[in-house]
2 protein chains.
Amino acid sequence: MSEAFEKYLRESCKISDEDLQSILDASTSKNLRKWQSLLHDGETWKSICFISSGCLRLYRFDDDGNDHTVRFGIENWWIGDQESYNQEKPAKYNIEALAQSSVILWTKTAWEDLLKNIPALKDFFDRLSARAFETSQQRIYSLISASAEQRYLEFQKTYPKVFNKVPLHMVASYLGISRETLSRIRKDFTKAK
Amino acid sequence: MSEAFEKYLRESCKISDEDLQSILDASTSKNLRKWQSLLHDGETWKSICFISSGCLRLYRFDDDGNDHTVRFGIENWWIGDQESYNQEKPAKYNIEALAQSSVILWTKTAWEDLLKNIPALKDFFDRLSARAFETSQQRIYSLISASAEQRYLEFQKTYPKVFNKVPLHMVASYLGISRETLSRIRKDFTKAK
DNA sequence: CGATTCTTTGAAAACAGTCAATCTGTGTGG
DNA sequence: CCACACAGATTGACTGTTTTCAAAGAATCG
């Protein structure tokens, strides 16, 4: 169950057996079936969540009821609604499993204790957050500068594992285009070859 | 010169006079004339930069030589290229002053020392980074879900101070649309009233 | 197999980009 | 003070891209 996480954390930061044990002790595991929801908008997100296996997505409904995929998460990624978590207010986003998945969860207080007591974990998480910000900056640049086609290719190249796990209409929603447009982009590619 | 920063920091976090003094001692001030560059792509960004006054932008050139505004910064904001800073590699981005501006700078090593020695500063900066991430998440959602017109209105409403300081063609580039399209969006508004 | 979901396609309409020209406001030098 | 240059903003005409809506094909799953 948590072997994947153990391996991940050992490779990600220098952490003692003892600290690793406290981290595991404070966690709970959860299995999600396909389409199971982990967060409904309106609820407050109070967890830190590591994905051991499977695939999840973070998405949001607009005023017309259309959903927009803000982020995907697969094994060894973390997922959550930072805004709701940090500000302790109702989430605007939803999280659902796109496939049978298993996650590891910590409560906010438990996690804060861990961060306080395990500097290596805090350092690691700070670096992780920094990288997440860099990634979102890159995504913004891509959205304002590149064509739908370029964004599609970039996504496929950068996140091949994700690409292979999620339905195309969600890729479209992640790229900010309609499924039909994505379909036509793909068509042009097969034709061009 | 640094009064603005002093006021800002006192209001942002609980910090002792002594700590504030060390922060100021480690800093250097710099005045920028209009259009002066603070970072050229290819260089490595090695500073933490606080904007005391004026207006700057972070932008990037695409392969066709068009520039895209990734972010603006005005007084009491921080600006920099996180990716270049964290990974200590050549920047893909540029930073320039859009008006006569003054900034306060810290070297990376000086800043890291400060963070290590002043927990209140570290906490504050962590919160700031968290908020920056939330903001970029919001921007991504806006880019994938909203029309150009909606994004324009949202920008104007959310950052009125920035809106009033920057030329429209840069707003367009920030929104991911051409200046002509922005011009037509604005035209429709004056007509509708 | 039938039901459901996902993807593709076609045609029309809406939207956004490009290019070139014009307009507006600002500031400079004669 | 005027004429001019310049940068920024707007407009028109045209082109290209994306959305929308409706329908039809795949693929998947019980």
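Two residues count as being in contact here if their C-beta atoms, placed from the backbone, lie within 7 Å. With that rule, 21 residues of chain B are in contact with 21 residues of chain A. A quick word on what you're looking at: this is a predicted model, where local features need pLDDT of at least 70, side-chain atom pairs count only at pLDDT 80 or more, and totals for chains, interfaces and linings use all residues. Residues are numbered from 1 along each chain as its sequence is written, while chains are lettered from A and ligands numbered from 1 in the order in which they are written.

**Stop 1: the side of chain B that touches chain A**

Select β5 (67–74), α3 (82–87) and α5 of chain B: each supplies at least two residues of the side that touches chain A. (Helices, H or I with at least four residues, and strands, E with at least two, are DSSP runs numbered from the N terminus.) The largest share, 13 residues, comes from α5(B). Colour this side of chain B by class and you'll get eight nonpolar, eight polar and five charged residues. In this scheme Ala, Val, Leu, Ile, Met, Phe, Trp, Tyr, Cys and Pro are nonpolar, Asp, Glu, Lys and Arg are charged, and the others, Gly among them, are polar.

**Stop 2: the α5 pair**

Now show helix α5 (residues 119–145) in chain A and in chain B. They pack at an angle of about 25°, with their axes 10 Å apart. The axes are lines fitted to C-alpha atoms, for helices over the stretch in contact, and angles run from 0 to 180 degrees between N-to-C directions. α5(A) and α5(B) are therefore roughly parallel to each other (that label goes to angles under 35 degrees). Residues to click on in α5(A) include A:F133, A:I140 and A:L143, and in α5(B) they include B:F133, B:I140 and B:L143. By class, this helix contact has ten nonpolar, six polar and two charged residues.

**Stop 3: the two copies**

**Stop 4: the DNA**

Select DNA strand C. It is surrounded by 15 residues, and the closest are A:L168, A:S183, B:A148, B:E180 and B:T181. (Near means a C-beta atom, placed from the backbone, within 6 Å.) The largest share of this surface, six residues, comes from α9(A).

Finish on DNA strand D, where the closest residues are A:E180, A:T181, B:L168, B:S183 and B:K187. Here α9(B) gives the largest share, six residues.

Notes: Angles under 35 degrees count as roughly parallel, over 145 as roughly antiparallel, 65 to 115 as roughly perpendicular and the rest as oblique.
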